[in-house]
Amino acid sequence: MKKLIINNMMMKRGFFNFLTMVVITLFLAGCAQSPSEQEKDGSLMDWWSDARFGMFIHWGLYSIPAGEWNGSTGHAEWIRTTAQIPLEVYDTLINYFNPVKFDADEWVRMAKDAGMKYIVITSKHHDGFCLFDSEFTDFDVMSTPFKRDILGELADACHKQGIVLCFYHSIMDWHHPDYLPRRDWETTRTTEGADMERYITYLKSQFKELTTKYGAVGVLWFDGEWENTWTHERGVDIYNYVKSLQPGIIINNRVDKGRSGMQGMTASDEFMGDFGTPEQEVPAKGLPGVYWESCITLNNNWGYNRADNNWKSPGSVIRMLADIASKGGNLLLNIGPRADGTFPGQSIETLSEVGKWMLKNSTSIYGTSASPFSSLAWGRCTVKSDGRNTRLYLHVFDWPEDGILLVPGLANDVRKAYLLAGGKKLEYSGDEGDIVIKVPKEVPDANNTVVVLLIKGKPEVFDTPVIVKE
Ligand code: FHN
């Protein structure tokens, strides 16, 4: 059943394919369930929860100034607001958006080679510019010199390479005349005739385009829900509307008003959203029964900023991925492409290094669940059970100099211990529940060496799981 859903994600565009997908997902769809429930019947969240790792892409007109305006270099995708650029000035950028080096197949290949299973791209960010050919606005890619449907090309590449296509769409819109409020510094831009109901009709028209023109869509990633013109009632309406268009689509909690700030979790069950969205942070503890995804930049900015060279190291990204998976979450790692359609060199390098690690260790990330341990001095743990036995994937960040790796408070019988990369068997011993594993003195992978402990049955750990934030 789950395979069927994933196969549908990969189907080529086209109405027939879409119709088949709708029929199948109408049969399979269900509202989001907790991880324990979803194990019963292979539900909506399966592919997403198993994926653990996706690519975020922030790209648009704001990529042209590359963070700089009137000599200031601290801007990015918010530049229209942070540099207080009048609408009529900002909109002229549309005449210069011509990403001649854009290659959808290459973007998708880099994501896939990094071990990512889905891509979330900005169909429309707060500035209102649409990266797709929309019938309902001229403020879109077809009004640029490029005149190609970027989301259409990315959709083809994703379906061809088996990566799930997802869209980020901003509720807040600094361009559309019907969206309110205006920016507080836009004192001369009239609000005359602005009509939020008409804006919501526009939003719905574009959701229909996004869910009918590009085949199966994995996630609709909402954002910009925080202004007072957006309400819980509107969030519920839009959530249900989008689900009616593609019942198999997953929707984050920023469609409604329940997100608890950058911590990202949903305040209570009354609010809509299939998963929580911590931003630029990882929850301190695993949150059993809650779907969540941390979205994180590679430097300090979502949109491209030429001056921002504060890049995270590949090792820190590898460890962050393991940390998040050990708490039962997903990592959505951001790329801010340049205006010409290329990825920044440092981003390419990091994706490549993460990909090399994933090539040898991805089974310790994909389809795993949260650690049963309270805290592990040397790293993290992810878990995969087959009903009879369980594999504990021990992500060792701090390699023991004495060659002794201690696994505290584990009551299970151990069947085997080995290095995941290469499979080298390891000696182990244990009493009173502390398992001692003899590991090579020389660390195999200084970023994160995964040691596998194969145990009988489900993990029985002496203390409750409170996993310490790095
Ligand atoms: O304002 C946006 C920001 O530009 C970026 O898109 C992030 C990514 O999740 N979301 C909002 C800030 O919380």
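Guide: Let us begin with Arg52, which counts as buried because its relative accessibility is 3%, below the 20% limit for that class. The model is a predicted one. Arg52 is found in the loop that links helix H4, residues 46–51, to strand S1, residues 53–57. The backbone of Arg52 also deserves attention: its phi is near 65 degrees, a positive value in a residue other than glycine.

A positive phi is found at Lys147 as well, where the angle is about 50 degrees although the residue is not a glycine. Lys147 is placed in the loop between S2 and H8. With a relative accessible area of 51%, Lys147 is exposed, since the class begins over 50%. Thus Arg52 is buried, whereas Lys147 is exposed.

The loop between strand S2, residues 118–124, and H8 also holds Thr137. The relative accessibility of Thr137 is 15%, and therefore this residue counts as buried. A polar atom of the Thr137 side chain lies 2.9 Å from the backbone nitrogen of Phe139. When residues up to four places away in sequence are not counted, Thr137 touches Cys130, Tyr202 and Gln206.

Helix H8 spans residues 150–161, and its axis comes within 8 Å of the axis of helix H7, residues 104–113, with a crossing angle of roughly 45 degrees. The crossing in which H7 passes H8 is right-handed.

The residues that meet at this crossing can be named. On the H7 side they are Ala104, Asp105, Trp107, Val108, Arg109 and Lys112, and on the H8 side Glu153, Leu154, Ala157, Cys158, Lys160 and Gln161. Sorted by class, the contact between the two helices comprises six nonpolar, one polar and five charged residues.

The peptide bond joining Leu180 and Pro181 is cis, with omega at about 5 degrees. Pro181 belongs to the loop between strand S3, residues 164–170, and helix H9, residues 196–212.

Key
Residues are numbered from 1 along each chain as its sequence is written. This is a predicted model: local features need pLDDT of at least 70, side-chain atom pairs count only at pLDDT 80 or more; totals for chains, interfaces and linings use all residues. Side-chain values use heavy atoms; hydrogens and water are left out. Axes are lines fitted to C-alpha atoms, for helices over the stretch in contact, and angles run from 0 to 180 degrees between N-to-C directions. Helices (H or I, at least four residues) and strands (E, at least two) are DSSP runs, numbered from the N terminus. A crossing is left-handed if the near helix is turned anticlockwise from the far one by less than a right angle, and right-handed if clockwise. Contact means heavy atoms within 4.5 Å. Ala, Val, Leu, Ile, Met, Phe, Trp, Tyr, Cys and Pro count as nonpolar, Asp, Glu, Lys and Arg as charged, and the others, Gly among them, as polar. Buried means under 20% relative accessible area, exposed over 50%, partly exposed in between (1.4 Å probe, protein chains only). A polar contact is a pair of N or O atoms within 3.5 Å; within protein, one must be able to donate a hydrogen and the other to accept it, and residues adjacent in sequence count only if both atoms are side-chain atoms.
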